[in-house]
Amino acid sequence: MDSKSSNETLGALGYYYHDFWMEEGDPRTKVFPFMNGGPWTVIGILLFYLYFVKSLGPNFMKDRKPFDLRRPIFWYNVFLVIFNGYFFLTGIYYTKFGWTTLYCTPPDPTKFDALWKYKLFVGWLFFFSKFIDLMDTVFFVLRKKFNQVSTLHVVHHAMMPITCWFGFKYVPSETAAFTPLINSFVHVVMYSYYALSTMGPKVKPYLWWKQYLTQLQIIQLVMVLIHTTYIVLTPQCEIPKIFFLIGLPQVLLILGMFCSFFMKTYTKQEKLESKSQ
């Protein structure tokens, strides 16, 4: 291969590695970490996550006793309650209690005043929080709770960072804030439950609402599905619909998995309890 061909090949690789992802991306987001170029760092982190939870972690723990991580897990959950509470309260304040997320608002790259810089910073923090959420699975592995490293759990956690990356990079608008707004509220409830569950048997009688937490997650996904479908099917909406269209099968997949989990876990349990009476 001559030098001209080599330069053309390198140029093409450079284009698809970096420039291709910048052409349609919102220019306001490129100042944030992970956002200047393609999603390669995000994909690399997720590949290592999958390798750890499926191979490296279980092999590491094979001949070891489970770690007692109740105290760090408690504070981890408390931190995420506060973190997601910040997202939720900020979101409802700047979206009129979520009202402005319900209709089509295309991204406007010209809006980059102090207020929008702050909004985008909060949006980026939400994206970054999805990497922090991966620690849920790491704790399961280190405690040898391998039964909790389910397909639903791993797929859901692995999909969120890359989905949020695309959403933040290409559709940083109030319309795209619909899902983070609902998700942050659900996570406040969820991580509150997890924090309480680390406090031992004395708190267990007060954790009867675990079943309703799963129902809340299902309701969240149904709301996201309705909102995404509305955006996709609104002809006059000039938002980049391709990202919502791509998101539809993802939402349907996770919704189906959550419904299956709920039926297997709670419906079967209720049938067994009724038979034993």
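Leaving aside its neighbours within four places in sequence, which residues is H227 in contact with? In this predicted model, H227 touches T101, L102, T175 and F178. The histidine itself sits in helix α8. H227 counts as buried because its relative accessibility is 6%, and the cut-off for buried is under 20%.

The next topic is the cysteines. A disulfide is a covalent bond between the sulfur atoms of two cysteines. One disulfide is present in the structure. The bond runs between C104 and C237, with a distance of 2.0 Å from S to S. Where do C104 and C237 lie? C104 is in the loop between α3 (70–94) and α4 (114–132), while C237 is in the loop between α8 (210–232) and α9 (241–276). The pair therefore ties together parts that are 133 residues apart in sequence. The torsion about the S-S bond of C104 and C237 is about 80°, which means that the disulfide is right-handed.

Are the two partners buried or exposed, or something in between? C104 has a relative accessibility of 22%, so C104 is classed as partly exposed. C237 has a relative accessible area of 5% and is therefore buried.

Two further cysteines can be considered. C164 is buried, since its relative accessible area is 12%. C259, in turn, is partly exposed because its relative accessible area is 31%.

Conventions
Residues numbered from 1 in each chain as written. Predicted model: local features only at pLDDT ≥ 70, side-chain atom pairs only at ≥ 80, totals over all residues. Heavy atoms only, no water. Disulfide = S-S within 2.5 Å. Helix = DSSP H or I, 4+ residues; strand = E, 2+ residues; numbered from the N terminus. Buried < 20%, exposed > 50% of the residue type's maximum accessible area, 1.4 Å probe, protein only. Contact = heavy atoms within 4.5 Å.
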